[in-house]
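Please read the points below with the model open beside you, and look up each residue as it is named.

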Amino acid sequence: MSPSQSFREAMSRYPTGVTVVTAYHDGKAYGITANSFASVSLKPPLVLWSIAKSADRADIFLAAKSYAICFLGKAQADIARFCAENDGLPDGQWSENRHGFPVIDGAGAVLACRQHAVYPGGDHDIILGEVMGISVKEDAGALTFHRSRYGQLD
């Protein structure tokens, strides 16, 4: 097993939540599944996520000055799969929120963000966002990802 395969295998042992990052580009709503998400700071409220430089949507999300991070609910694995494999968002499963961002309906939480900075990180770019608005859905549970499989938490 190559060092990068070993690293990927080791990282699959670390359970994460699943997010879909959404933004508009040329009037179209885009989404991308990301589990490389972390909170960074409370004052100001900052979060980060990363995108592969080789991702087909990298240019769209690197250029997005504002975007939403949707924490998927426990029953939204189909949305995670769709946004991992497709450019747009699944029909009938998203809407525009009060901040003017496309968001996944039923997500456990949505963070409306403004791009704060972008940093190189090997074969990824690290996108730091300032949280401008928050909405939470109490009963959504959480979609998880562990050992390359989706799971659920209440």
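1. A residue is called exposed when its relative accessible area is over 50%, and buried when that value is under 20%. Ser-148, with a relative accessible area of 55%, is therefore exposed. Please keep in mind throughout that this is a predicted model.

2. Ser-148 lies in the loop between strand S11 (142-146) and strand S12 (149-153), and its phi is near 65°, a positive value in a residue other than glycine. Asp-26, which is not a glycine either, has a positive phi of about 50°; its place is in the loop between strand S2 (19-25) and strand S3 (28-34), and at 73% relative accessibility it counts as exposed. These values deserve a look because most residues other than glycine have a negative phi.

3. Strand S9 (residues 109-121) runs antiparallel to strand S6 (residues 66-71), to which six bridges join it, and the bridge partner of Tyr-67 in S9 is Cys-113. S9 also runs antiparallel to strand S10 (residues 124-136), here with 12 bridges, and Ala-117 stands opposite Leu-128 in S10. The hairpin of S9 and S10 has two residues between the strands, and in this hairpin Gly-122 takes a positive phi near 65°.

4. Pro-44 is found in the loop between strand S4 (37-41) and strand S5 (46-52), and a cis peptide bond, with omega about -5°, joins Lys-43 and Pro-44.

Note on methods:
Residues are numbered from 1 along each chain as its sequence is written. This is a predicted model: local features need pLDDT of at least 70, side-chain atom pairs count only at pLDDT 80 or more; totals for chains, interfaces and linings use all residues. Side-chain values use heavy atoms; hydrogens and water are left out. Two strands pair if DSSP finds at least two bridges between them. Helices (H or I, at least four residues) and strands (E, at least two) are DSSP runs, numbered from the N terminus. Buried means under 20% relative accessible area, exposed over 50%, partly exposed in between (1.4 Å probe, protein chains only).
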